There are 2 protein chains.
Amino acid sequence: MNNFNFHNPTELLFGEGQVKKIGKKVKEYGNKVLVVTGGGSVKRIGLYDKVIALLQEKDLEIHELSGIEPNPRVSSVREGVKICRENDIDIVLAVGGGSTIDATKAIAGAAFYDGDPWDLFAKGIRIKNALPIGTILTLAATGSEMNPNFVISNLKTEEKMGASSPLLYPKFSILDPINTFTVPKEHTVYGIIDIAAHVYEQYFSHTESTPIQDRWAESILKTLKEESVKVLANPEDYDARSNIMLAGTMALNGLLSMGKETDWASHGIEHAVSAVYDIPHGGGLAIIFPNWMKYVLEEGTDKFVQYATRVWDVDPTGKSDHEIALEGIEKTREWFNEMGAPARLADYNIGDDKLELMAEKATAKGTRGSYKVLGKDDIVEIYKMSL
Amino acid sequence: MNNFNFHNPTELLFGEGQVKKIGKKVKEYGNKVLVVTGGGSVKRIGLYDKVIALLQEKDLEIHELSGIEPNPRVSSVREGVKICRENDIDIVLAVGGGSTIDATKAIAGAAFYDGDPWDLFAKGIRIKNALPIGTILTLAATGSEMNPNFVISNLKTEEKMGASSPLLYPKFSILDPINTFTVPKEHTVYGIIDIAAHVYEQYFSHTESTPIQDRWAESILKTLKEESVKVLANPEDYDARSNIMLAGTMALNGLLSMGKETDWASHGIEHAVSAVYDIPHGGGLAIIFPNWMKYVLEEGTDKFVQYATRVWDVDPTGKSDHEIALEGIEKTREWFNEMGAPARLADYNIGDDKLELMAEKATAKGTRGSYKVLGKDDIVEIYKMSL
């Protein structure tokens, strides 16, 4: 195990009805709240009205920013920052999924910065002060509800920028599984794959002797596998939605990466696809990840054997390590397929004409990953395997 | 899963050499520090001198309280509170094991209370203000380094009192596995058993559908089992000491009990033995826990079958659930025995003459546990099984 610091101060309020506490929680940070929402689903499910009523009950001054995009744009962030400054906002409350929370973080982080928010993120300027953030999560996927990271897009410069600041851990996150009951099947599946991908990025590591972190990762994967079947059979299965929601939060809050080198190549490889073809991140990950696994396998077969035998109960009898590892990767693909996720770039009508361009984008800032360090040519190979 | 709140703001600084940051970390909270230590081992291993030198480097005003007892006493707490008040202390720093940290919490929690510290705890008065706490851990066992709980003894009234306050999460805890290299074999084993016991108290629960929490608990138990062999063979095995240290911290920081009813009967049953016979807590737990398991087994065999098959790889073929469960319990006892832990009260020369008295003490405030609610007669039975 490597040395590490772990410090995650986000408070979770988990379970049915926890939203009732929202007025009291917000009030702890002041009287003026900016409520940030996405495309309208929170209004359709009645959550928005409920939250507003609960905030009004506490006589809070409510400001609103709606319409945050699935890949949140810096233009929305600028708008949010303007509202915060003009109204002397005390706390920013995200009601929605990862994109809404990410935009909220960017707004909170830029609220005290005099220049343009994009400069703040693009130039990697340290965020010195931020507004407090609260979240009410409606989609199990990104883990943004319990970490300090966010991703913002700039349509003008065609850039997607990730940033992070310890000041941007949400102060509290309300996780009511019922708020995910109406998530459509497709997005439920993408969310599950996103969660699994977060686990993989931290699991496949050359750091030795991390048995707790490894087993905790395997625990989340096994749980996702079991609960995905249940939630796809019954989208209103409270226990299944609960366990997937908790999986998403625990997958990317720092616990699985304690003292470990992590990889994150597949996320970069997928982001380049999404950037060029505007496909859903979870769908792209479903296509890319098993191929990344096959491509990097030889860099450390042991970990893949562990994955195959522990997560997929692959019987190792009479098989070579390579065969066992491949069987685990095959099981991963089968699981994604069973959930109805895409398996090839062709499923999104993506051909081989822009592989070089995408690989260039993926490596614009240098090589990717650590399990196997990937250059442009490696990434082109992985795209070819994914056609 | 039940509804739950989770909020653990303690920062962990884990790994070799992290102690170098102590001056900077303490300085974040002020200039006057009270350093609390136990019986002398921190001085023997040179850690104490190193810490003092590092604090001096930052020009901190250092006050000291040494000699905290294995079961920390309220008299020491009173002494610490006095030092804090007279010197306007800004932060209390524990350098030691769970007892030293517990005493530090009590001091920090009572520092702003006008009355006697014991009243504060015994009357369950809410702690409204507390000094910040830092810890440098030297023993993997209680988990006190990342939770808000502490236990204090009053020799005069023969009482042992547990208390808790969200204000008493350590601000930071420095966990350097090397500081546990010199822990004697006996205390290493007691620590491992204490950690395992914390896991059991949260694992054996009637709350349904908690797959992540259950698997995370099993992960810690499997890791303890593996690493205990290594650390007993080589007390200076850095990886083994690391994994056991992390296990101890993760076993009782709130993660394993998210959304679960917990039990804690065995801890109460053991505390009564320790109170009457002054035996080590870990030794007492080794004796009591497998017998508690056998006694409560029928209240929910499924969970014991899960424990046996997942943690101990018990082959279920051709066996009844009861047989599988018993085999898991037997494996637990064998593990404790292999580590050299005591298996019977007789190992401490404890006979059957005070079983009633101990059971009365254990139930002084009512029944114990939740997996099976235990009254005085039940606890006498468990003591009889333990003779």
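Let's start with Lys25(B), which counts as buried because its relative accessibility is 9% (buried means under 20% relative accessible area, exposed over 50%, and partly exposed in between, with a 1.4 Å probe and protein chains only). This is a predicted model, where local features need pLDDT of at least 70, side-chain atom pairs count only at pLDDT 80 or more, and totals for chains, interfaces and linings use all residues. Residues are numbered from 1 along each chain as its sequence is written, chains are lettered from A and ligands numbered from 1 in the order in which they are written, and side-chain values use heavy atoms, with hydrogens and water left out.

**Salt bridges**

- Lys25(B) has a partner: it forms a salt bridge with Glu28(B), with 3.4 Å between the closest N and O atoms (a salt bridge is a side-chain nitrogen of Lys or Arg within 4 Å of a carboxyl oxygen of Asp or Glu).
- Glu28(B), for its part, is partly exposed, with a relative accessible area of 45%.
- Over in chain A, a network of salt bridges links Glu11(A), Lys25(A) and Glu28(A).
- Counting over all chains, the structure holds 32 salt bridges.
- One of them joins Asp214(A) to Lys303(A), where the closest N and O atoms are 3.3 Å apart.
- That pair links distant parts of the chain, 89 residues apart: Asp214(A) is in helix H8 of chain A, and Lys303(A) is in helix H12 (residues 301–311) of chain A. Helices (H or I, at least four residues) and strands (E, at least two) are DSSP runs, numbered from the N terminus.
- Both Asp214(A) and Lys303(A) are buried.
- Lys294(A) and Glu330(A) also meet through their side chains in a salt bridge, at 3.9 Å from N to O.
- Lys294(A) sits in helix H11 (residues 281–296) of chain A and Glu330(A) in helix H13 (residues 321–338) of chain A, so this pair ties together parts that are 36 residues apart in sequence.
- Lys294(A) is partly exposed, with a relative accessible area of 35%, and Glu330(A) counts as partly exposed at 34% relative accessibility.

**A charged patch on the surface**

- Four lysines, Lys21(A), Lys24(A), Lys27(A) and Lys58(A), gather in a patch of positive charge on the surface.
- Patches are made of residues with over 30% relative accessible area and no salt bridge, joining like charges within 9 Å and nonpolar side chains (Val, Leu, Ile, Met, Phe, Trp, Tyr) within 5 Å.
- For the charges, Lys and Arg count as positive and Asp and Glu as negative, while His and the chain ends are not counted.
- Lys24(A) belongs to helix H1 (residues 22–27) of chain A, and with 54% relative accessibility Lys24(A) counts as exposed.

**Positive phi angles in loops**

- Ser209(A) isn't a glycine, yet its phi is positive, at about 55 degrees.
- You'll find Ser209(A) in the loop between helix H7 (185–203) and helix H8 (211–233) of chain A, where Ser209(A) counts as partly exposed at 23% relative accessibility.
- Asp88(B) is another residue other than glycine with a positive phi, near 55 degrees.
- Asp88(B) is in the loop between helix H4 (74–87) and strand E5 (91–96) of chain B, and counts as exposed at 54% relative accessibility.

**How the two chains relate**

**Sequence distance against space**

- Thr180(A) and Pro235(A) are 55 residues apart in sequence and 8.5 Å apart in space, C-alpha to C-alpha.
- Thr180(A) is in the loop between strand E9 (172–175) and H7 of chain A, and at 3% relative accessibility Thr180(A) counts as buried.
- Leu357(B) and Asp278(B) are 79 residues apart in sequence, with 14 Å between their C-alpha atoms.
- Leu357(B) lies in helix H14 (residues 355–362) of chain B and is partly exposed, with a relative accessible area of 37%.
- Glu79(B) and Ala346(B) are 267 residues apart in sequence and 38 Å apart in space, C-alpha to C-alpha.

Note on methods
Accessible areas come from the Shrake-Rupley method with a 1.4 Å probe; for residues, only the protein chains shown count as cover. The place of a charge is taken as NZ of Lys, CZ of Arg, CG of Asp or CD of Glu.
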